[in-house]
Amino acid sequence: MRITEIDHIHVYVEDIEEAEHWYNEILGFTRDNSLYFWFEQGGPLVIKNNGASLSLFRRKNQHPGHTMAFSVGATAFMELIPILKDRRIAFTVGDHAVSMSIYFSDLSDNKIEITTYEYLNAKQILESAA
């Protein structure tokens, strides 16, 4: 699989507004308005600084830690599914309406997300494989 880049990191916080302000003041992150609808629907607040993105989630029951999210093309996204199945690694697929993600964990239970923004292509391939 060819990973294009680190897409984003999940950061679990007690207060999203406070965290947004802190990341802006200290590291220059700003709100990604194109993805604000996710936050309005109860998802993360995505903030960015050039090519780096953080998804701020309100901490509920999560232990301290993060999720690593890597960006790939639709082909690599689809190639990962049989690899996970062959190795009996549990995974879920998330349809985010603008991207598709596969969620799974490594051997130490670190969370990993593989995301493609080639949404329509990945969705069509998934539907034809079902």
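Author: Start with Ala97, which sits in the loop between β6 and β7. Its phi is near 70°, a positive value in a residue other than glycine. The model is a predicted one, in which local features need pLDDT of at least 70 and side-chain atom pairs count only at pLDDT 80 or more, while totals for chains, interfaces and linings use all residues. Residues are numbered from 1 along each chain as its sequence is written, and side-chain values use heavy atoms, with hydrogens and water left out.

Reader: Where is Arg88, and what is its phi?

Author: Arg88 is in the loop between α3 and β6, just after α3. Its phi is positive, about 55°, although Arg88 is not a glycine.

Reader: Why is Arg88 called exposed?

Author: Exposed means over 50% relative accessible area, buried means under 20%, and partly exposed lies in between (1.4 Å probe, protein chains only). Arg88 has 80%, so it is exposed.

Reader: What makes Thr115 buried?

Author: Its relative accessible area is 1%, so Thr115 counts as buried. Thr115 lies in strand β8, residues 111-116. A contact means heavy atoms within 4.5 Å. Leaving out residues up to four places away in sequence, Thr115 touches Asp7, His8, Phe70, Ser71, Val72, Ser99, Met100 and Ser101.

Reader: Which side chain makes a polar contact with that of Thr115?

Author: The side chain of Ser101, at 2.9 Å. A polar contact is a pair of N or O atoms within 3.5 Å; within protein, one must be able to donate a hydrogen and the other to accept it, and residues adjacent in sequence count only if both atoms are side-chain atoms.

Reader: Why does Ser71 count as buried?

Author: Its relative accessibility is 8%, so Ser71 is buried. Ser71 belongs to strand β5, residues 66-71. Among the residues it touches are Ile3, Thr4 and Thr115.

Reader: Which residues of helix α3 are buried, and what covers them?

Author: In α3 (residues 74-86), the buried residues are Ala74, Ala76, Phe77, Met78, Leu80, Ile81 and Leu84. Their cover includes β6 (92-95), β7 (100-105), β8 and α4 (119-129).

Reader: What makes up the nonpolar surface patch?

Author: Trp22, Ile26 and Leu27 make a patch of about 320 Å². Patch residues have over 30% relative accessible area and no salt bridge; like charges are joined within 9 Å, and nonpolar side chains (Val, Leu, Ile, Met, Phe, Trp, Tyr) within 5 Å. A salt bridge is a side-chain nitrogen of Lys or Arg within 4 Å of a carboxyl oxygen of Asp or Glu. Areas come from the Shrake-Rupley method with a 1.4 Å probe; for residues, only the protein chains shown count as cover. Ile26, in helix α1 (residues 16-27), has 52% and is therefore exposed.

Reader: How many helices and strands does the protein have, and why is it called as compact as a globular protein of its length?

Author: The protein has 4 helices and 8 strands. Its radius of gyration is 15 Å, close to the 14 Å that the globule rule gives for 130 residues, so it is as compact as a globular protein of that length. The radius is taken over C-alpha atoms, and the rule is 2.2 Å times the number of residues to the power 0.38. Of the 130 residues, 36% count as buried.

Definitions and conventions
Helices (H or I, at least four residues) and strands (E, at least two) are DSSP runs, numbered from the N terminus.
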